[in-house]
Amino acid sequence: MRGTPAVTTPSLLRRADALLRDLPEPDAIGASASWRSRLAIVATFGALYGATMGCHGGRPLQATYSAVKLPLMLAASFAISLPPFFVVNTLFGLRDDFRRAVGALATAQAGLAVVLATLAPLTAFAYACGLEHRRAILLNGLTFAVASLGAQAILGRSYRALIAADPSHRTMLRAWLGVYVFVGIQMAWALRPFIGAPGLPTQFFREDGWTNAYVAVWNTIAAVFAGS
């Protein structure tokens with residue numbers, strides 16, 4: 001019996017390319033290999049964008065922290081969103097398809113990390129041009145929004161067969177997006193800072209992490225437009 005191939009950097013790049021182009025995954029043997037490659041993609045490409053995100057202001061330690069925390073944020077948001085998603089799938093009589101649905105969601109999660117990494121040079125360029133801190137936060141929010149659109153395209157493609165078999169999966173897909181976005185925003189707020197505010201020490205976590213993310217986002221947007 002052949003062993004499972006190691007996920008090396010060249011093979012990881014090939015698998016990321018196959019994921020984006022909807023091609024068969026190269027060298028994958030069995031479901032466990034696919035799951036390992038998805039995790040490796042999220043960890044590697046997520047860390048790449050996290051490091052870029054955290055290099056605002058020339059803080060190497062913040063870049064290191066953000067490289068660790070961004071994959072953690074993606075994984076934690078995914079894990080926290082799964083239990084309610086499982087319950088809703090069960091209530092809709094779709095429990096037998098749950099493993100396939102989670103596989104499609106994991107593929108989209110990996111796609112999100114890859115798209116983020118492809119946008120890292122634009123973020124780095126904006127930082128090099130002297131982007132102010134609050135605008136850097138909004139830029140990264142926009143980057144995540146663009147990457148999320150790419151991930152939704154991958155998710156819709158991965159869910160196509162499930163929806164064809166049972167249209168109720170379309171409702172489940174919308175439910176997942178709602179839950180994941182809600183959890184993801186709050187998780188990003190809890191794990192901040194990812195960029196690091198001028199005048200504050202570099203920290204892995206802020207002390208007031210478990211406050212309301214949505215109030216803070218609105219205040220940030222209002223402050224930016226008030227100063228324009």
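**View 1. Crossing of helix H3 with helix H7 (residues 168-190).** The axes of H3 and H7 come within 9 Å and cross at roughly 145° (axes are lines fitted to C-alpha atoms, for helices over the stretch in contact, with angles from 0 to 180 degrees between N-to-C directions). The model is predicted: local features need pLDDT of at least 70 and side-chain atom pairs pLDDT 80 or more, while totals for chains, interfaces and linings use all residues. Residues are numbered from 1 along each chain as its sequence is written, and side-chain values use heavy atoms, without hydrogens and water. H3 passes H7 in a right-handed crossing (the near helix is turned clockwise from the far one by less than a right angle). Contact residues (heavy atoms within 4.5 Å) include Met73, Ser77 and Ile80 of H3 and Trp176, Tyr180 and Met187 of H7. By class, this contact has 16 nonpolar, five polar and no charged residues.

**View 2. Crossing of H3 with helix H4 (residues 98-128).** The two axes come within 11 Å and cross at roughly 155°. H3 and H4 are therefore roughly antiparallel (an angle over 145 degrees). Their crossing is right-handed. Among the contact residues are Leu70, Phe78 and Phe86 of H3 and Val102, Leu105 and Leu112 of H4.

**View 3. Helix H3 (residues 60-91) along its length.** H3 has 32 residues and reaches 48 Å from its first C-alpha to its last, close to the expected 46 Å (1.5 Å times one less than its number of residues). At leucine 82 the helix bends by about 30°, and proline 83 follows within four residues (the bend is the angle between axes fitted to the seven residues ending there and the seven starting there). Just after H3, glycine 93 takes a positive phi of about 75°.

Key: Helix = DSSP H or I, 4+ residues; strand = E, 2+ residues; numbered from the N terminus. Parallel < 35°, antiparallel > 145°, perpendicular 65-115°, else oblique. Nonpolar A, V, L, I, M, F, W, Y, C, P; charged D, E, K, R; others polar.
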